[in-house]
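Subject: Structure handover and findings

Dear colleague,

Please find the structure below, together with its sequence. After it I have written out what a computed survey turned up, so that you can check each point against the coordinates yourself.

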Amino acid sequence: LFADDTSLFTVVYDEEIAADQLNKDLKIISEWAYQWKMQFNPDVTKQAIQVIFSQKKVKPEHPLVYFNESPVIIKEEQKHIGMILDSGLNFRSHVRAKIISAKRGIGVIRYLSKYVTRDVLDQMYKLYVRPHFDYGDIIYHKYDPDMNLELTKKLESIQYSAALAVSGAWRGTNKSKLYEELGWEYLYHRRWYRRLIHFFKVRQKQFPLYLYNLIPPERHVDYNLRRSNVFEQRIERTARFSNTYIQNCVKEWNLLDISIRSCQTISEFKRKLIQWVRPPKRSIFNIYNLKGIKLLTQLRVEFSDLRNHRYRHNFNCANPSCSCKTGIEDNEHFLLHCPRFSSQRRVLFDLVSKSVNIDIMRLSSRELCHLLLYGNSDINIVTNRAIIESTLSYIKNTKRFK
C-alpha cells in the first residue's frame, strides 16, 4: 500500500495456479470496494497494469488476469515508488531515465557556473544531480554484466560532464585528477560503498528482519575468508546471480579488513570505508574569483593553455616548448622560470614570502610550485588564502591566458 497506489504480486511456479490466485484476490478487492462505495481505476488512463518478471528466453503463456471484469494490461515495465522495474529486471530503463534527469541538472549547473563559486556548484551537484544516480543504486550495482559495460560507463561520463561544469576544466582532462581536485569518488566506488553501508545496517538489524534472515546463517560473521568461500562457491551459479545484493555483499564483506568489519557504529564504519573510495578535496580557501579559480584548476589538473599541457593532450599544439625558447612550458616553467614574466614573478615571490614568513627560495622547484598551486595544509586558512590569491594575481598580470 502507498499513498495513492496498491501493488499485488505472486511468485509463479505454475502459470494457471498463479493466475487463479491473482484473480481470486482481485475479485475480493473489487467486492470490498463495492461494499464500501469505492471505485478502483476510475480513469481509463490509470488502469491496472501487470508486469511478468522472467529471465527465461522462451517465456510461457500466462492466462489473463481480470480486475473489475476487465483484463489487466500487460506491460514490459512499471515505475514503482520511483524505481522502474522492467520485465527482465536489468534496470536499463531506470538508469536511462536517471541519466536524462541528471543531464537537465548539469545544464543548469553549466549555466550558473558564470555566476556562482565552485563550492556552490559542487553542492548543487550533490543535492540535485547525484541523487538521481544514487536512487536504487544498491540494487542495480553490478547486477547485469551487459548493463555494466554499457550504462555504467554512461553514468560515469555524465558525472565527468558535471565535474567539468563545476570545476571549469576542459573536456579531455584526466578523470582521476579532476575527481581528486573536487574530492569526488567514482560512481562505481560510490555504489560499492553505499551497498556495503546498507548491508552493515542490515546486519545490525536496523532494517526489517526478513532482510537479515537472507544472510547466510553464522557464516556472515565468520571472518575466515576460506570458510566463507564454501558458501560463495555454492551460490555463484551465474555471474548475474553472484552480483545480486546479498550474494555480492557477502563476498565484498569478507574481503574487507578485519578492522572495518568489526566496527560497532555506522559512523565509524562509514568513516573507515570512505577513505578507500573518496580522495580528499583540494581547497580553494573560499576565494571568490570565478575566472581565476577556473584557470588555477586547469593548472592543477595539468590541462590548460600551456603548450606542454596541450601537446600532451594532442590539443592543437605541435611543440611543447615555450615561446621564450628556454624550456618546456609546463606549470613549473610558467610559475618559476619563464623569463617573460620576471617582474610579475618577483612580486609573487615577495607576497608569498611575507605570507608564510619564510624565504621560499630555499624550497625546491617542485615544493614551491606545489605551494603556489595548492597552499600548505600545515598552515592556517588565512595564510593559504593569501598564497592562492597571490598566485591568481600573478596569472592575471602575466596575461598568459588572455
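In this predicted model, the second largest pocket is lined by 19 residues, and those that lie nearest its centre are His370, Tyr374, Gly375, Asn376 and Ser377. The volume of this second largest pocket comes to about 430 Å³, and its lining divides into 9 nonpolar, 6 polar and 4 charged residues. Helix H18, which covers residues 365-374, gives the most to that lining, with 4 residues.

At least two residues of the lining are supplied by each of helix H3 (118-134), H5 and H14, and by residue class the lining of the largest cavity splits into 8 nonpolar, 5 polar and 2 charged.

Tryptophan 170 sits in the loop between helix H5 (145-167) and helix H6 (175-182), while phenylalanine 303 sits in the loop between helix H14 (290-300) and helix H15 (307-312), so the pair ties together parts of the chain that are 133 residues apart in sequence.

As for charged contacts, a search of the whole structure finds 17 salt bridges. Among them is the one between lysine 24 and aspartate 20, in which the closest N and O atoms are 3.4 Å apart. Both residues belong to helix H1, and because they are 4 residues apart there, about one helical turn separates lysine 24 from aspartate 20.

Finally, on the surface, a nonpolar patch is formed by Phe9, Val11 and Tyr13, which together have about 460 Å² of accessible area. Of these residues, valine 11 lies in the segment before helix H1, the helix that spans 15-35.

With best regards

Conventions: Residues are numbered from 1 along each chain as its sequence is written. This is a predicted model: local features need pLDDT of at least 70, side-chain atom pairs count only at pLDDT 80 or more; totals for chains, interfaces and linings use all residues. Side-chain values use heavy atoms; hydrogens and water are left out. On a 1 Å grid over the protein atoms alone, a cavity is a set of points where a 1.4 Å probe fits but cannot get out, and a pocket is an open set with protein on both sides within 12 Å along at least five of seven lines; lining residues have an atom within 4 Å of a point. Grid points are joined across faces, edges and corners, and a volume is the space filled by probe spheres set on the points. Ala, Val, Leu, Ile, Met, Phe, Trp, Tyr, Cys and Pro count as nonpolar, Asp, Glu, Lys and Arg as charged, and the others, Gly among them, as polar. Patches are made of residues with over 30% relative accessible area and no salt bridge: like charges are joined within 9 Å, nonpolar side chains (Val, Leu, Ile, Met, Phe, Trp, Tyr) within 5 Å. Accessible areas come from the Shrake-Rupley method with a 1.4 Å probe; for residues, only the protein chains shown count as cover. A salt bridge is a side-chain nitrogen of Lys or Arg within 4 Å of a carboxyl oxygen of Asp or Glu.
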